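I opened this model to look up its strands and helices. My notes follow in the order in which I took them.

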Amino acid sequence: MSETKKFMYINRRPPYGTVYPLEGLEVVLIGAAFEQEVCMVFISDGVFQLRQGQDTIDSGMKNFSPTYRALGDYEVTRLYVERESLEERGLTEADLMPLTWEDEDDDWAEKPSIQIVSRAQLSDLLEEQDVVFNF
Amino acid sequence: MKLAVMVNEGPYTHQASDTAYNFIVAALNAGHEIFRVFFYHDGVNNGTRLTTPPQDDRHIVNRWSELSKAHDLDLVVCVAAAQRRGIVDPDEAKRNGKDSDNIAPGFRISGLGQLIEAGIQADRLLVFGD
């Protein structure tokens, strides 16, 4: 497939309580094989998906948070987290998992995948996309 | 225009599949091409032929099957989402040792790659759900 499109996956729900975040992540991982220009966005309660130290033992839900750490290996390297959503929930970047990817064009330097962006910046990013999923 | 449609909610519980259906009918009538309809999350429940709604209500599953037959629509149910929710075709039933299948006519079970491909191939991907 020669055509490359811009794919954006918007995550706006907390990680547990519904299956949308888990099944949304499955789409991202399968989609990575298609070599499109991919980014993920975390807004609203979706920012909780990246929270460090998730523990689901008492709820019996499957803790799928380690999967986010694999995204870099799938060349999903741009995870935009909305600053306002973090602030509204009393969170900072330090509360999030330190996700990284290795840049093969820069001697495999380890670089952060998470970028904190403003609501206004996200609006501009959204404007550029060809295909938008939201989970 | 070449359109792809994603349906993310189950029938009757949520209006998303009704809205998707109505949209597709209108789009076909307006001369657009529907590249594929992809059912994900609880949307896979649109594809079980065991659905038996009250007689005075619309039959959402049969409606999809009939539309597929009339317009040669490609109705794809996500295999991973389907397995979680007990939607199986004869092959999947055999593979997983189930005693029966329940896929409705006109639907087929396939992978998420079909959704991504639809996003790439279609001019627009429309998502119906919450």
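**Entry 1: a strand pair in chain A.** I began with strand 2 (residues 37–42) and strand 3 (residues 79–82) of chain A, which run parallel and are joined by three bridges. I note here that the model is predicted. Which residue of strand 3 of chain A stands opposite Phe42(A)? I found Val81(A) there.

**Entry 2: the sheet of chain A.** Next I traced the strand order. Five strands make an open sheet in chain A, in the order 6-3-2-1-7. Their pairing is parallel. I then looked at the edges. Strand 6 (114–117) and strand 7 (131–134) of chain A stand there. Each has a single partner strand, so one side of each has no neighbour in the sheet.

Entry 3: I looked up helix 1 (residues 20–31) of chain A. It lies across strand 1 (6–11), strand 2 and strand 7 of chain A. It runs at about 160° to strand 1 of chain A. Helix 4 (residues 119–128) of chain A also packs on the sheet. I listed the strands that helix 4 of chain A touches: strand 1, strand 2, strand 3, strand 6 and strand 7 of chain A. Its direction makes about 140° with that of strand 3 of chain A.

**Entry 4: the sheet of chain B.** I turned to the other chain. In what order do the five strands of the open sheet in chain B come? I read 4-3-2-1-5, with parallel pairing. Strand 4 (107–110) and strand 5 (124–128) of chain B are at the edges, each with a single partner strand, so one side of each is left without a neighbour in the sheet. Neighbouring strands here are turned by 25° against each other on average, direction ignored.

**Entry 5: inside that sheet.** Strand 1 (residues 2–7) and strand 2 (residues 33–39) of chain B pair in the parallel sense over six bridges. I found Val5(B) opposite Val37(B) in strand 2 of chain B. Helix 1 (residues 16–29) of chain B packs on the sheet and touches strand 1, strand 2 and strand 5 of chain B. Its direction makes about 170° with that of strand 1 of chain B.

**Entry 6: a length check.** I tested helix 2 (residues 60–71) of chain B. At 1.5 Å a residue, its 12 residues should span 16 Å; its end C-alpha atoms are 17 Å apart, which agrees. Just after this helix, Asp72(B) takes a positive phi of about 55°.

Notes
Residues are numbered from 1 along each chain as its sequence is written. Chains are lettered from A and ligands numbered from 1 in the order in which they are written. This is a predicted model: local features need pLDDT of at least 70, side-chain atom pairs count only at pLDDT 80 or more; totals for chains, interfaces and linings use all residues. Two strands pair if DSSP finds at least two bridges between them. Helices (H or I, at least four residues) and strands (E, at least two) are DSSP runs, numbered from the N terminus. Axes are lines fitted to C-alpha atoms, for helices over the stretch in contact, and angles run from 0 to 180 degrees between N-to-C directions. Two residues are in contact if their C-beta atoms, placed from the backbone, lie within 7 Å. The expected span of a helix is 1.5 Å times one less than its number of residues.
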